[in-house]
Amino acid sequence: YNQTAASDMIESEQANGESETYYVNEEDGFMVYLSNLWRDRYQVTIYKTEDHGENWEEVDTDLDEVYIGSEFKFLSEEIGFVHDPYGGVDSYDTVKITRDGGKTWKELSVNKPSSIKENNIFYKELPEMVDGKLEIIVYTVAPAESQKYKYYKFESEDLGKTWNYVGVAD
């Protein structure tokens, strides 16, 4: 791990890329640094702080790159998400979750019931913690003649390992 003074890192990022900082409490947070834009993808480096940004430690992560337009969110020191609008295998849209502070990222998969006929599911937003459960809203696109979106709510009681269909969302 590289322990880096925040000022050195900020100086370097201004020259080479962009970053966003996400605090999960007063002291603990993550900095996601996107650099080396090549075509439509950025290289990802994740840093963690436990002293409100005085010192940053690089996280040894398996999330190597994301597409332009990707969005990150961290709910705790362990749980985080990235929405990659073009990174999915089947639908060009994926949400990945980390449960170990950014080290490993796995693609989130909802248990789509047979009542949802459309194949591709897109993610409206990143998951939220509501009453101790994670909730996510997904949508599908109806056939071209109507162009209406249908929204569905899924929830997880095991920190995103499994997602169960709750019902139609507004």
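Close-up 1. Tyr-22 and Phe-74 are both buried, where buried means under 20% relative accessible area, exposed over 50% and partly exposed in between (1.4 Å probe, protein chains only). This is a predicted model, in which local features need pLDDT of at least 70 and side-chain atom pairs count only at pLDDT 80 or more, whereas totals for chains, interfaces and linings use all residues. Residues are numbered from 1 along each chain as its sequence is written, and side-chain values use heavy atoms, with hydrogens and water left out. Rings of Phe, Tyr and Trp (its six-membered ring) pair if their centres lie within 6.5 Å, and planes under 30 degrees apart count as stacked, over 60 as edge-to-face and the rest as tilted; by this rule the count comes to ten aromatic pairs. Tyr-22 and Phe-74 form a tilted pair, with 5.7 Å centre to centre and 55° between the planes. This pair links distant parts of the chain, since Tyr-22 is in strand 2 (residues 17-23) and Phe-74 in strand 7, 52 residues apart; strands (E, at least two residues) are DSSP runs, numbered from the N terminus. Tyr-22, Phe-30, Phe-72, Phe-74 and Trp-105 form one aromatic cluster.

**Close-up 2. The salt bridge of Lys-73 and Glu-128.** A salt bridge is a side-chain nitrogen of Lys or Arg within 4 Å of a carboxyl oxygen of Asp or Glu, and the structure holds four of them. The side chains of Lys-73 and Glu-128 meet in one, at 2.8 Å from N to O, and this pair links strand 7, which holds Lys-73, with strand 12, which holds Glu-128, 55 residues apart. Lys-73 is buried because its relative accessible area is 18%, whereas Glu-128 counts as partly exposed because its relative accessibility is 39%.

**Close-up 3. The salt bridge of Arg-41 and Glu-65.** The side chains of Arg-41 and Glu-65 meet in a salt bridge of 3.2 Å, N to O. Arg-41 lies in strand 4 (residues 41-49) and Glu-65 in strand 6 (residues 65-67), so that the pair links distant parts of the chain, 24 residues apart. Arg-41, at 23% relative accessibility, counts as partly exposed, and Glu-65 is partly exposed with a relative accessible area of 43%.

**Close-up 4. The salt bridge of Lys-153 and Glu-135.** Lys-153 forms a salt bridge with Glu-135, the closest N and O atoms being 3.9 Å apart. Lys-153 lies in strand 14 (residues 149-156) and Glu-135 in strand 13 (residues 133-141), so the pair ties together parts that are 18 residues apart in sequence.

Conventions: Helix = DSSP H or I, 4+ residues; strand = E, 2+ residues; numbered from the N terminus.
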